[in-house]
Amino acid sequence: MSMEDYDHLFKIVLIGNAGVGKTCLVRRFTQGLFPPGQGATIGVDFMIKTVEINGEKVKLQIWDTAGQERFRSITQSYYRSANALILTYDITCEDSFRCLPEWLREIEQYANSKVVTVLVGNKIDLTEKREVLRERAEEFAEAQSMLYLETSAKESDNVEKLFLDLACKLIREAKQNSLVNSVSSPMPGEGKTISYLNCCS
Amino acid sequence: MTGVCGCCGALRPRYKRLVDNIFPEDPEDGLVKANMEKLTFYALSAPEKLDRIGAYLSERLSRDVARHRYGYVCIAMEALDQLLMACHCQSINLFVESFLKMVRKLLEADKPDLQILGTNSFVKFANIEEDTPSYHRSYDFFVSRFSEMCHSSYEDPDVRTKIRMAGIKGLQGVVRKTVNDELQANIWDPQHMDKIVPSLLFNLQQGEGTESRSPSPLQASEKEKESPAELTERCFRELLGRAAYGNIKNAVNPVLMHLDNHSLWEGKSFAVRCFKIIMYSIQSQHSHLVIQQLLGHLDANSKNSATVRAGIVEVLLEAAAIASSGSVGPTVLEVFNTLLRQLRLSVDYELTGSYDSCGNLGSKVIKEHEERQLQEAVIKTIGSFANTLPTYQRSEVMLFIMGKIPVPGMHPALASAKSGFDCSRMIQVMLLKSLLQVATGFQTTNMLTALPSSFLDPLLSLTLMEDAEIRLLVLEILVSLIDRHDNQPKFSSISIISDISVLKLKVDKCSRQDNLFMKKHAQQLYRHIYLACKEENSARPHFETLYTLLALISMELANEEVVVDLIRLALAMQDLALSNEEMLPVYNRCAVHALSAAYLNLICQLTTVPSFCQHVHEVIETRQKEVPFMLPEGVFTESPSIPKSLDKLEGHLLFLQSKITEVLGGSGYNTDRLATPYIPQFTDEDRLSKRKSIGETISLQVEVESRNSPEKEERTPAEEITFETLKNAIVDSIGMEEQERERRRQVVEKFQKAPFEEIAAHCGARASSLQSKLNQIFEITIRPPPSPSGTITAGYGQMQSRSVPVYEMKFPTCACTRAGGGGERDGTRWPSPAPQPLRSAGGRAGETAPPLPPPPPPRAPSDEAELTLSLHPHCDKPSGSPSDPARHPKVTRTRH
């Protein structure tokens, strides 16, 4: 019996303007519910979810940050150790899309250089209020070499896919990483495959 | 699996059996105490098995968490805690890995109870002091998670508070665990501090809001329960207390960031509270680092709104007060430099109305009153810092501030525009206020070294400003510098005190250094006191401060000689008010009379010569009856009843020099000296000063028009040196002078006879050069000559159109500060300067002279050229000074 109940551990941090639905995405994914009157996140929120991908148990540590400016300094300190960032905007809010370059600068400044970034346009259930066209966002994501996905936390569209795809990509990268330097231990803060202490029983 | 365990239990290793046995059938029963003891005993006797025990317990716990069997989770945790407590430090290491994994597991759970349970265990663990370092432990997750818990937004407020408190305790634990172990993750790294500090501050700040409404009688019973804010504060203090020199920065930076992000500077109180905690908690030898960071932050916020800057300054003020000695650290002047720079910036912002010097980015509106508040705060902070300094550093700082004061004439660029004038004036006022703050409470045993000429000279030169506010500030600075026994409050208001013993004055014997100081600077002081009396715009506070100054000089620095001089000075002031050559308003004359009376009343009692006292007393009594407006009680009231004019004053209303000389001579005072009326003297400093003393131009102007009038010499027989001799001393060729006169005559003739058009054309062609000549002349022209006719000055007056800053007239630019001493504008018996110093002054000037036409060859240096220039304003030589031509107010006055 393994000492650990997972094969991979990844830290995922959600960032983006206030009110774009970061917390709802996380809640939908981890708890399967959509909290209607979700208040603004204070500082950081933490959730954990273990998923199985191709027979491997992957533990996702999800740090959901506050979008509000005043918490910026503490949220920034969480980017640093993240394996993946989910940069979220609201497709019904042009402003949240326009702020993306600013967020990218923050990522560049604070996050690990090998971080995987996914651009997520949330709230696709509100099609009639859409302000940011899909093509535009895709173009932007491509230019910044990010993955792009549109989701709806409310309708649970693509939420599962978002996290699972991300987990797959992270596993691939982790494996590649361990292939490249199989001997050396994983970088601190990188997703490390914890499989030591199998000695018991 | 449990089933399997049941049937092959006997085959299982002993430690597993022991562990299994501590769990009861029903989790409600709690830990099986007896079996737990067995397990503990086993663990202690076979510490090498500890790691396996730990691993197995942790495995069970993970399983129980996954199956939501929380009862067993609690039991497993309790067992772990007990084992941890029971084990010896050395063996803990084997066990910690699995222990931490269990805590992590609990913290990952979304049940608040489990999170709190995990935290509690972690805290227990943190309190164990390990003596073996561990290399591979990582607390990243714990810091992140505890910080997150500090921000918990759980719906139920009670649970939320519990989670947050658990978070704080957890952070405290991490800090305790790691702070002393250099091999472990450095908790002081920004990546940790940026999480820990804001989380703590967030809770501290939350406490502020609730504290106000919480103390209801119902909650009083729960007083023993600590609030999150209190806990946070304790934790924060502990953290800071452990910070070493190199870590302060990382700990304080997030505080600054947090206050920035949550815009908490403006409210001030929270920022002040934070920094009070910081200052009280850190090791005192590091406090200057905090101050430095605050100063750096202030600089970084230079372009931020005034309220933010004021908030930072306020915090600095409080922090400096707490840090007391050593708060400034090794870079004293850097601290003051930063503060003064901020002061200067604020003045600039206020005047330009924009944060951008170019003025095109005026998006933020500058609120003047906010800038004013900021300036006040900065000045107060300067004072607060200065209070922490030893005397010698204080005088250094005073010298430094003095050096920053834009001395008129030294910064011609500043004076070029009206706003430039306003700006330099405001900066002068601000810096003098700062200086006053530093000077307040300044007590030195050695005035001579504490107040070198390089400080006193510029300071005193500012007393000659026409600006009443600046003059008053300088007087106040002098008062606080001279006062060393806190006598100042006793003289703060001017009055006739019939018996000075009620004041309980503290007097020390005048030391040798004091005597030396007075020997060196007394004349200067007297002169400035005297001149200050002559200023038209002096008001009640000025006279009061002058009185205080005089009184303090007599208290602090008086030897016999000084007393004599002071009496002479008082009498000279009386003469000044009497003769009214200055055309002073009646109020001022009465005030000067009152000042002189009040001071003589004081000094006569200090000398304790009965007959002197009697004379003074008599005069004062007569005045009380006949002319109460000549006494301080009459003049310095809300609505003084001042007569329209102040003519015929009977002898018995005045203090008589002859009488005083007589009575003091009887007591062994130097009557010869006393009999000589006081004449403001020029000291070396005056002659050599780069700034020009007032008298200098007079010598030039005398030449212009009253050279032939002998009254001047007659009136002051002591002055044998006429202008002729004076000029001859410099200009050794009469011929040149004659030539000049001839040229001048021609020009005057031309202007008198030529048709207007021609003159206009002529002038137009040379407008610029004329303009610049005029500038030079009016820079030199400090005051008009004492001529009764005033023709020449009137002529100059007509040519001027725009105004020049007052100080420029009084302190012309260095370009024209040569020509040594000279008479005073009013010609009141100023001794003419000796030719010799004049020469030396001229030589000096030659070195610093701005581009001027080369002087006629073998002649004395550039004074000469200047003389020529001033006499021929229309000649088209290039000019050095760019400043505006001006109308001198005094000129107009004499014309009337």
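Q: Which helix of chain B holds B:Leu171?
A: B:Leu171 lies in helix α9 (residues 157-179) of chain B. A helix here is a DSSP run of H or I with at least four residues, a strand is a run of E with at least two, and both are numbered from the N terminus. This is a predicted model, in which local features need pLDDT of at least 70 and side-chain atom pairs count only at pLDDT 80 or more, while totals for chains, interfaces and linings use all residues. Residues are numbered from 1 along each chain as its sequence is written, chains are lettered from A and ligands numbered from 1 in the order in which they are written, and side-chain values use heavy atoms, with hydrogens and water left out.

Q: Why does B:Leu171 count as buried?
A: The relative accessibility of B:Leu171 is 0%. Buried means under 20% relative accessible area, exposed means over 50%, and partly exposed is in between (1.4 Å probe, protein chains only). B:Leu171 therefore counts as buried.

Q: What does B:Leu171 touch, not counting residues up to four places away in sequence?
A: B:Leu171 touches B:Val143, B:Phe146, B:Ser147, B:Cys150, B:Ile196, B:Ser199 and B:Leu200. Contact means heavy atoms within 4.5 Å. B:Gln574, by comparison, is 403 residues from B:Leu171 in sequence and 76 Å away, C-alpha to C-alpha.

Q: Why does B:Ala570 count as buried?
A: B:Ala570 belongs to helix α26 (residues 560-579) of chain B. Its relative accessibility is 1%, so B:Ala570 counts as buried. Neighbours within four places in sequence aside, B:Ala570 is in contact with B:Ser596, B:Tyr599 and B:Leu600. Between the C-alpha atoms of B:Ala570 and B:Ile277, 293 residues apart along the chain, the separation is 55 Å.

Q: What makes helix α22 of chain B mostly covered?
A: In helix α22 (residues 453-463) of chain B, 9 of the 11 residues are buried. They are B:Phe455, B:Leu456, B:Asp457, B:Pro458, B:Leu459, B:Leu460, B:Ser461, B:Leu462 and B:Thr463.

Q: Why are α3(B) and α5(B) called oblique to each other?
A: The axes of helix α3 (residues 33-45) and helix α5 (residues 70-86), both of chain B, come within 10 Å and cross at roughly 40 degrees. Such axes are lines fitted to C-alpha atoms, for helices over the stretch in contact, with angles running from 0 to 180 degrees between N-to-C directions. Angles under 35 degrees count as roughly parallel, over 145 as roughly antiparallel, 65 to 115 as roughly perpendicular, and the rest as oblique. α3(B) and α5(B) are therefore oblique to each other.

Q: Which residues of α3(B) and α5(B) make the contact?
A: From α3(B) they are B:Met36, B:Leu39, B:Thr40, B:Ala43 and B:Leu44, and from α5(B) they are B:Ala79, B:Gln82, B:Leu83 and B:Ala86. By class, this contact has 7 nonpolar, 2 polar and no charged residues. Ala, Val, Leu, Ile, Met, Phe, Trp, Tyr, Cys and Pro count as nonpolar, Asp, Glu, Lys and Arg as charged, and the others, Gly among them, as polar.

Q: How many disulfides does the structure hold over all chains?
A: The structure holds 0 disulfides over all chains. A disulfide is a pair of cysteine sulfur atoms within 2.5 Å. For A:Cys99, the nearest cysteine sulfur is that of A:Cys93, 8.0 Å away, and A:Cys99 is in no disulfide. B:Cys533 is in no disulfide either, and the nearest cysteine sulfur, that of B:Cys590, is 14 Å away. B:Cys533 counts as buried because its relative accessibility is 0%.

Q: Why does A:Asn54 count as exposed?
A: The relative accessibility of A:Asn54 is 76%, so A:Asn54 counts as exposed. A:Asn54 sits in the loop between β2 (44-53) and β3 (56-65) of chain A. Although not a glycine, A:Asn54 has a positive phi of about 50 degrees.

Q: Why does B:Ser263 count as partly exposed?
A: B:Ser263 has a relative accessibility of 46% and therefore counts as partly exposed. Its place is in the loop between α13 (248-261) and α14 (269-281) of chain B. The phi of B:Ser263 is positive, near 35 degrees, in a residue other than glycine.

Q: What does the secondary structure of chain A come to?
A: Chain A has 6 helices and 6 strands, in the sequence pattern β-α-β-β-α-β-α-α-β-α-β-α. Of its 201 residues, 53% are buried.

Q: What does the secondary structure of chain B come to?
A: Chain B has 43 helices and 0 strands. Of its 896 residues, 56% are buried. Among contacts in chain B with a separation of 6 or more, 78% are between residues 24 or more positions apart.
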